[in-house]
Amino acid sequence: MTTQTLESRIRDKIRKSRRMVFLRDDFAALGGYDQVGRVLRQLEAQGRLVRIGKGLYAKARPNRITGKPMIAAPGGFDQAAKEALNRLGVQWEPASAEKAYQAGRTQIPARVMVKVKGPFHRQIAYGKYRLGIERVSA
């Protein structure tokens, strides 16, 4: 019987998962808080994960041109940010600019914007990309 290290168990869980975004709590059953944090930082340094917010990580892959890690989701940061909102249980909807684009307007939204219902004070960002928040009045 072989014993796996915490890093290998976390890597296996990430590899087998269909999700692109992970919360630190997803790995709480595998080890202690500090141990899991240390392994997640190691995986980030190895380029297997990228940190997109406090306790939020996305699967990563190397960029073909620069070799630096980038978000592996097919929709890039846009998809990862929206999946992160879903994983956090935040009620959101596309912002007005994105709705207009989906309705047939030709202007492409310059950055990812969402309307959030209720309190939400987290930053979701990676590199030069930042999730913009519009507040919905109740």
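A nonpolar core is a set of buried Ala, Val, Leu, Ile, Met, Phe, Trp, Tyr and Cys residues joined through side-chain atoms within 4.5 Å. Buried means under 20% relative accessible area, with a 1.4 Å probe and protein chains only.

A word on the source. This is a predicted model, where local features need pLDDT of at least 70, side-chain atom pairs count only at pLDDT 80 or more, and totals for chains, interfaces and linings use all residues. Residues are numbered from 1 along each chain as its sequence is written, and side-chain values use heavy atoms, leaving out hydrogens and water.

Now the largest core. It has 22 residues. Ile52, Leu56, Ile71, Phe77, Leu85, Ile124 and Leu131 touch the most other members. Which element gives the most to this core? Helix H3 does, with five residues. Helices are DSSP runs of H or I, at least four residues; strands are runs of E, at least two.

Take leucine 85. Beyond its neighbours within four places in sequence, leucine 85 contacts Val90, Trp92, Val114, Phe120, Ile124 and Leu131. Contact means heavy atoms within 4.5 Å.

Next, the sheet. Three strands form an open sheet, in the order S5-S6-S9, with mixed pairing. Strands S5 (91–94) and S9 (132–135) are the edges; each pairs on one side only. Two strands pair if DSSP finds at least two bridges between them. S5 and S6 run antiparallel, joined by four bridges. Tryptophan 92 stands opposite valine 116 in S6.

Last, serine 8. It lies in helix H1, residues 6–16. Buried or exposed? Serine 8 is buried, at a relative accessible area of 13%.

Key: Buried means under 20% relative accessible area, exposed over 50%, partly exposed in between (1.4 Å probe, protein chains only).
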